[in-house]
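Trainee: Could you walk me through a structure today? I'd like to ask as we go.

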Amino acid sequence: MSAFHTLKVGFHRLGSPPNFYQLATRLAPWFWVGFLITASIGLYQALYVVPPDYQQSDSYRILFIHVPSAWQALAGYAIMAVLAAIALIWRIRTTEIMAMACAPVGAAFTFICLTTGAIWGKPMWGTWWVWDARLTSMLVLLFIYLGIMGLYAAFEDRRKGARVACILVLVGVVNIPIIQFSVEWWTTLHQGSTINFFGESTMDPAMLPPLIWMTIAVKLMFTAVMLQRASLDLIDQDRRKQWVVGAIGEQS
Amino acid sequence: MMSGSIWALLTQDLRLAIRHGGESLMPLMFLFSVIILVPLGVGPGPNLLSAIAPGMIWVAALLSSLLALERLFRPDYEDGSLEQWWLGHLPVYGLVVVRLFSHWLITGVPIIVFAPVAAQMLYLPPDALGTLMISLLLGTPILSLVGGLAAALTLSTNRGSVLLSILVFPLVVPVLVFATGAVSVAAEGISPQTHLGLLASILVLALTLVPLAAAAALRITVE
C-alpha cells in the first residue's frame, strides 16, 4: 500500500509543471547519450560487421534505419494515445503537452520511414513508390499525424487545442486498425500481387543484432526529443509565470 | 417531451436549410461539376469512364460532403445557443446525432437521389447501379458523421475549413475502399455482399462512437 502511495504521489508531482520541467531537462541529455552509444554500435555493426546480402548486396543496409523508424512511427502513436487518454481522463496538463510533443516526432519517423523506403525501393523495385498496403497505410498515418499537429496549432488557447487534439488521437486509435485492414483489402482487390518487404529471403540471424541496437537507439532518441519538445512547449506557454523565471534564472 | 425537443431541433435545421435554398444545394452542384470535369480531363472514351466511374462518383461525393461542414455547428457556437445544449434535459449525444442526421438529409440524400444521373454520365455498368445506390445509402451517413466530428474538433479555430479536409481524409479511407470496391465487383458481376457488410459495420461503429467524440470536443470548445 505504501509503495503504491509513493508511486501515486510521485505521479502527481510529475503533473506539476516545475517538477516535470526539472526532470525532463535532467533526463533528456542522458537519453541522448544512450542514443549516441547504441546508435554508434548499431551503425558500426550494420555498415561493417554484417555481410552483404546475396541478392541486394549493400543496398539493403538502409533497412537498419528504415525498419526501426517504421516501428517507432507506430510505437510513437501508441505512446501518444496512452498519454492522450491519461490527459483526458485525469486532466493532467503535462501529459497533454507530452502527447502533443509526440506528434511531430512520430510524424518525422513516419517521414523517414517513407523516404528511406522510397530510396530503397528505387534500385530494388525500379520505382520510387508502389501502392502497396504497408506504404499506403504509412502515408495515411503521416497525414493523421499532420492533422493532429495542425489541429493543436490552430487553437489560440493552447490548453483547449491540446485537449481537442487528444480526442483526435483517440479517434485515430480506433480508426488506424480499420484503415490498415481496408488498405490491405484494397491492394488485394486492385492488384494481382503485391511486393513484400521480406518476401523471398528470410532474414539472416546476423542481421538481428544491429537491428536491435538501432531500434533501441531510435526509441531513446524519440524519448529525448519528446521530452525536450515538451519542456520547451511548457516554458513557452508558462513564460510569464514565476516558476519559469526562477527555473531559467537558475540555469543562466 | 424528449421526442418533442428532438423533433423541434430537426425541423428547425431543415427549415433553415430550405430557407437558405441555394446554399443547401451547393454540395450537389459541386458533385456534378466534378462529374462533368472528369470526362473533360480524361477523355470521353466510354471504356475508361465506366472503369473509373465508381471511384470518381465516390470521390466527388466525399469532396462535396466537406462543403457544408464548416457551418454545421458554427452559427450555434457564435450566437451562444450551443451552450444551451448542456443546460437542457437532453443528452448532448442525442442532439449531435440529430444535427448530423439533418446534415445527412440535406447533403447526403440529394446525392443519393441524383446518383443515377451521375452514373449515366460516366457510363457506369447498369448492373452496378443498385450497388452504387446501396453503397451511397450506407456510406454517406458515415461521411456526415466523420465530417461532423471534424467540424466539432475545428469549431473554435480560425482556419477550420483547410484543417477539416486534412482531418477527414485519413479517417474516411476505409469508407472509400469498401464502397468503391463494392461497386467495382458488382460491375464485374460478383456479389458485393462482403464489401457492403463491412461498410454497414463501419456505419454502426461510427454511429456509436462518433457522437461521443464529437460531444466531448464540443464540450471542450464551449468550456
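Trainee: Is A:Arg91 buried or exposed?

Mentor: Bear in mind that this is a predicted model. A:Arg91 has 12 C-beta neighbours inside 10 Å, and because a residue with 12 or fewer is classed that way, A:Arg91 counts as exposed.

Trainee: And where does A:Arg91 sit in chain A?

Mentor: A:Arg91 is found in the loop between α3 (63–90) and α4 (93–125) of chain A. There its phi is positive, about 55 degrees, although A:Arg91 is not a glycine. Most residues other than glycine have a negative phi.

Trainee: What about B:Tyr123, which phi does that one have?

Mentor: B:Tyr123 is not a glycine, yet it too has a positive phi of about 55 degrees. B:Tyr123 belongs to the loop between α5 (92–121) and α6 of chain B, and with 18 C-beta neighbours inside 10 Å, B:Tyr123 counts as partly exposed.

Trainee: Let's move to α6 of chain B then. What should its 25 residues span?

Mentor: Helix α6 of chain B covers residues 129–153, and at 1.5 Å a residue it should span 36 Å; the C-alpha atoms at its ends are 35 Å apart, which agrees. Even so, α6(B) bends by about 25 degrees at B:Leu137, and a proline, B:Pro141, follows within four residues.

Trainee: How many residues of α6(B) are buried?

Mentor: The count is 20 of its 25 residues, so by the cut-off of 20 or more other C-beta atoms within 10 Å, α6(B) is mostly covered.

Trainee: Which residues have the most contacts inside the largest nonpolar core?

Mentor: They are B:Ile57 and B:Val146, in a core that has 141 residues. Leaving aside residues up to four places away in sequence, B:Ile57 touches B:Ala115, B:Ala118, B:Ala119, B:Leu122 and B:Leu132. In soluble globular proteins, nonpolar side chains tend to be buried together.

Trainee: New topic: how many residues does each chain bring to the contact?

Mentor: Chain B gives 24 residues and chain A gives 24 residues. On the side of chain B that touches chain A, the elements giving two or more residues are α6, α7 (160–171), α8 (173–187) and α9 (193–222) of chain B. The largest share of that side, seven residues, comes from α9(B), and its residues divide into 18 nonpolar, five polar and one charged.

Note on methods:
Residues are numbered from 1 along each chain as its sequence is written. Chains are lettered from A and ligands numbered from 1 in the order in which they are written. This is a predicted model: local features need pLDDT of at least 70, side-chain atom pairs count only at pLDDT 80 or more; totals for chains, interfaces and linings use all residues. The expected span of a helix is 1.5 Å times one less than its number of residues. The bend at a residue is the angle between axes fitted to the seven residues ending there and the seven starting there. Two residues are in contact if their C-beta atoms, placed from the backbone, lie within 7 Å. Ala, Val, Leu, Ile, Met, Phe, Trp, Tyr, Cys and Pro count as nonpolar, Asp, Glu, Lys and Arg as charged, and the others, Gly among them, as polar. A nonpolar core is a set of buried Ala, Val, Leu, Ile, Met, Phe, Trp, Tyr and Cys residues joined through C-beta atoms within 7 Å.
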